[in-house]
Amino acid sequence: MLEQEDKILEVRQLQTHFFTDEGISKAVDGVDFVLHKGETLGIVGESGCGKSITSMSILRLIDSPPGKIVGGEVVFKGENLLSKSEATMRKIRGNEISMIFQEPMTSLNPVFSVGEQIAEVFRVHQNMGRKEAWKKAVEMLKLVGIPSPEERAKQEPHELSGGMRQRVMIAMALSCNPEILIADEPTTALDVTIQAQILELMKTLQNELGMGVIMITHDLGVVSETCDRVAVMYAGKVVEYATADDLFDQPKHPYTIGLMNSLPRMDIDQESLQAIPGNVPSPYNMPNGCRFAPRCPHAKGICHDAIPELRNTDDGSQVRCWMYTPEWEDHSDITKAGVK
Amino acid sequence: MKTEVIDEKIQSPIRNKVKKEKWRSFYLRLQKNKLALVGGIIVLFYMLLALTASLIAPHDPYEIDLLNKLQQPSMEHWLGTDDKGRDVLSRLLYGAQLSLGVGFASLFLGAFFGIILGIVAGYYGKWIDTIIMRFIDILLAFPGILLALAIVAALGSSLINVTIAVGIFTIPVFARIVRGSTLSVKKLEYIDAVRSLGANDITIIFKHILPNILSPIIVQGTLRLATVILTTSALSFLGLGAQPPLPEWGAMLSNGRDFLFSAPYLTIFPGLAIATLVLGFNLFGDGLRDALDPRLKK
Amino acid sequence: MSVQTQVAQDKELLLDVKNLKQHFPVKGGLLGRTINHVKAVDGVDFQMNEGETLSIVGESGCGKSTTGRAILRLDNPTDGEIYFQGQNLLKLNKKEMRKVRKDLQVIFQDPFASLNPRQTIKSILYEALSIQNVLPKAKRLERIYELLEHVGLPADSIHRYPHEFSGGQRQRIGIARALAVDPKLIICDEAVSALDVSVQAQVLNLLKSLQNQFNLTFLFIAHDLGVVRHISDRVIVMYLGKIVEIADKKTLFQSPQHPYTKALLSAIPVTKKEEKRERIVLEGDVPSPINPPEGCRFHNRCPLAVDACKTQVPPLRNIENGHQVACHLVS
Amino acid sequence: MFVYIIRRFLQTIPVLLGVIFVVFLIMKLVPGDPAVLIAGEGATEETIETIRNDLGLNDPLLVQYFSYLKDIVQGDFGESIRSNRPVFDEIMVRLPITMELALISILFSIVLGMIAGILSATKPNSIADITIMLLALIGVSFPSFWIGLMLIFYFSVQLQIFPVAGWDSWMHIVLPSITLGAMGAAIIARMTRSSMLDVIRQDYIRTARAKGLKNRVIIYKHGLKNAIIPVITVIGLQFGVLLGGAVITETVFAINGLGRLIVDSIYARDLPMIQGTVLTASVIFVIVNLIVDTLYRYFNKRIELD
């Protein structure tokens, strides 16, 4: 197990809500997790589960209005980022905690050269002069495996391919040797062979630089390839929190199990897939009890009435499900629930 | 959980702030809608005046009364009389008919041909598009109102000719907007889906494209009415539109200009009438755009 | 599912695509003339039998969707022949083509863009029925309810508009529309790519059960190899406008022959240890389809390329029992 | 870039030919016989016929067009009916005045409009924003001839700060420039604001924030350069509106520029002069658009041709 001192980020009871014409959307509604030094934490879930909002909330990048962090703590190196001034946050962003995004096409400013966009980070956080910063930018491009970096640095984003642009984003994010890299669906917009390149690159750089990575993704495959620990999110809450090995060997929450069963397998033929029935609930109108209860094959009365806590289980993972509590009488359900 | 205690402390100030901000945004939204509402009311008000002008006008707008010329506003003549002793208020009321009538007529003319040209160019593309858009480019190469001016110069000065000229002047705007919207709707997959079902061009254009580009057309139409009214009154101001004794606002203003020093109200009131009507259409159009433009909706 | 493969071979030939080419002009220069072409599809040949599911996979820009659109004649191909039920579609005039469309339908990727936002579900389905005039007017409403039931939508959705449905439900509406005219071949263009996994599984199950029920033939265009492996009988792998490999599913996933197919399969991130392959990470990006590499289009990224690959275009050769590969190194 | 400019330049040739054709055609529609106008009242049928032959009015339409085109290209715009002087010479006397007025006005529009628009966009929904946007709304709604007259009434008649009319000193320039530039300033302000707000929603602004940049840097460096691109096009179009508006402003302020020449020629039914002036204004506008498009292209290298 990892030592307590290694903990670099702890998110406690984070709540981010959106106040819109249609009502209050509780996009993130009580999320807890911990990131340790050098590890990769995966946050996985389907669209609308709040995983991206969680990552944006850590750096306080939520557009306000309509979004607002209404509760919780984000403790980075012992201090709560949510109570910091905007000026302090600016010193942290891109320096100690950086972020890369899903769309490398739109995430780079189209009117500046990529070199300039990387150099800017050095100038802001390390007070470098223009020339020095440019030299460092070229070095960063080289580090992320861009061929002939001197020439590439002068180009504008539209002159690069999608994979190259994501490399530029990574170079920009890692410029100041951050302690945490938040990667929000970094490969979703890329083709599978390019995705393989980028994931490989991220792994190598993480080993070299030793930063902690929060990998936000909807792709269980990517989680399994890259993550040490995983938080599974559903409808604004973490429903399962475990090491990647435990999660894939022995998923516990019915949603996690459903998600894995939905995925077509590459090793055996299946006549039909075990889909999860129904749809994700609307964020404006969440069910009263467990948010997965309306789609859950095991749901009972209690599931519809009260929200279960995220509890520790015997093997050290955490799960938010009534089935794993003393209140649940019939424990044979648990054995029945497994992955096909 | 132990965090709950900490929560209480942090949450309450944040919650209050959120509440305050929510009220603020609600208030601002209301205000935005209020402006659009004001615009709508102004427009409706003028339409009502135009429709009932013959009933509510205190005097005959054409009745010349040289004994009472250039009178200051009074109880008898609320907005005074002009150089021929005609009641300014009555003339303004009848003028509303002209301004709105000419405005709607030339807008309709321009929109009708503009929409047809735009849809045909956008939907069929290729050489048809090239020919139509080159034609539109030529119309757009005339700066500002010069195209309308040149057409009026050719056809002769009259309100009908101004209507035609301003109508032609309005065609390019609609053609461009409709072409652009058609191109973006045409790319959507449901158009391909109905094509795969074997739908013909007429069905696709009228059932699947036109209803989905109506919002920009309506918004543009409202905003364009403002421009059209400005242009027609400008032409009348120059003496190229409505001819005396018609109580067209631009023409009235032009006439009042000669008495700017002695009777400024002859210039102020017709100008104010044009300005508020145009403002009404602009406010209303802006409001419509905010409501209908999905880009601004979050 | 080897039984199905056999059945497929016994069945009638439904679609025969010969030397299909789709070149889109690139304008430029002083006079805005066509100075080059995007060779989106550059000589593609394949056959489909009735009742089978044939998938086309490949990365973006490989020409898989363009192939689908050409078969539907949504774009007019530059060259080639497309025989559907023995008729060359490219020789038909508009009217004749309209008749053929009854048997040839499509399901699109984007559940938001693929339905007219201003039509109710009833109007969408009614339109499909009336354009092809498949049923007397009196029976159409009944048919609409039947279609909704087939795709698993409640009967009361009939008067609702697309925006009232979730992505997965919209995709079901799109399927109902395609199904309305009783087609033989349905082209599924990335039909489940935009959906979340749990909903994707629902739609995949639905497609499979409809296929069994109505003896449908699917041309399934996708980039997700997991989905493709699940749904297909046979698979075509495309790269930069050309087919690099065709094989039945089992052969393709168990013993891929083309180096590109191998790299593609190895790049899929998987969750289970037993599914893991040794990763082959390809270098560089897919070249531009405007000026594709000479010889084999994959040669500049291929770890095994030899001199011949740089100059000679490898033909698509049959190596065994319907397994075709376009590679100099595979004989 | 160079290829683009040349291409864009070549593209304007058919547009110019079209413009000349439209001007030519419009004047063919004019009721009445130009030969009668030139010959003056009471001329004999014979004289009129001679003039008609001289002017080529008996030739087929296209032949007339090409001979007109030939004259235009050679700088021969014909002779004014009113003054009997060459149209081209008269235009060259008036044009500098209008150009001066137009350039000062557009400069006024750009500076005022952009500053107001940026101020508005940086603090959306603030008091300053609402005030600026209301003013801009008034700017696009109030007729320029009325604004001009009101300015004269207040500043020239009541306060007696600026001269009522004419074009002699810089004092004469102020009111006409405000009159002519007000609508442009309002439109540019509205466009700048909406373009800025649009840009601020883009992903790369989020990236800039995630980098830890200051708000000021984000808005003025990352936002403005992108937001300005669509504003450039509007400025180009606004220049056209301004050239057209000169007709009104010059009439209101009694300035002897090109605009007033157009109106006076219309009153006098001076056909060659109407043709010449409208053509000149259009050609200037087409050239301005060429420049604007080139600038647009420079700022926005991503746009593909067509």
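Domain 1 of chain A and domain 2 of chain A bury about 1100 Å² between them, with 72% of that area on carbon and sulfur atoms, where buried area is the accessible area (1.4 Å probe) that two parts lose on being put together, summed over both. A:Ile198, A:Leu201 and A:Leu205 supply 35% of what domain 1 of chain A buries against domain 2 of chain A, more than any other three residues. The structure is a predicted model, in which local features need pLDDT of at least 70 and side-chain atom pairs count only at pLDDT 80 or more, while totals for chains, interfaces and linings use all residues. Residues are numbered from 1 along each chain as its sequence is written, chains are lettered from A and ligands numbered from 1 in the order in which they are written, and side-chain values use heavy atoms, with hydrogens and water left out.

In chain A, the domain assignment gives domain 1 (1-96 + 179-340) and domain 2 (108-175), the bounds coming from an automatic or database domain assignment. The C-alpha centres of these two domains of chain A lie 31 Å apart, and their contact (heavy atoms within 4.5 Å) takes 17 residues from domain 1 of chain A and 11 residues from domain 2 of chain A. Across this interface the rule finds 0 salt bridges, a salt bridge being a side-chain nitrogen of Lys or Arg within 4 Å of a carboxyl oxygen of Asp or Glu. The count of residue pairs in polar contact between the two domains of chain A is 3, both residues being at pLDDT 80 or more; a polar contact is a pair of N or O atoms within 3.5 Å, where within protein one must be able to donate a hydrogen and the other to accept it, and residues adjacent in sequence count only if both atoms are side-chain atoms.

On the side of domain 1 of chain A that touches domain 2 of chain A, the elements giving two or more residues are helix H2 (86-92) and helix H7 (192-209) of chain A, where helices (H or I, at least four residues) and strands (E, at least two) are DSSP runs numbered from the N terminus. H7(A) gives the most to that side, with 8 residues.

Between chains, 46 residues of chain B are in contact with 50 residues of chain D, and chain B and chain D bury about 4100 Å² between them, 78% of it on carbon and sulfur atoms. The count between chain B and chain D is 1 salt bridge, and the side chains of D:Arg190 and B:Asp286 meet in a salt bridge at 3.0 Å, N to O. Across the interface of chain B and chain D there are 7 residue pairs in polar contact, both residues at pLDDT 80 or more. The elements that give two or more residues to the side of chain B that touches chain D include helix H1 (3-56) and helix H10 (265-292) of chain B, and the largest share of that side, 12 residues, comes from H10(B).

Some backbone details remain. The peptide bond from B:Pro244 to B:Pro245 is cis, with omega near 10°, and B:Pro245 is placed in the loop between helix H8 (214-237) and helix H9 (249-256) of chain B. A:Ser148, in the loop between helix H4 (130-143) and helix H5 (149-153) of chain A, has phi near 40°, a positive value in a residue other than glycine.
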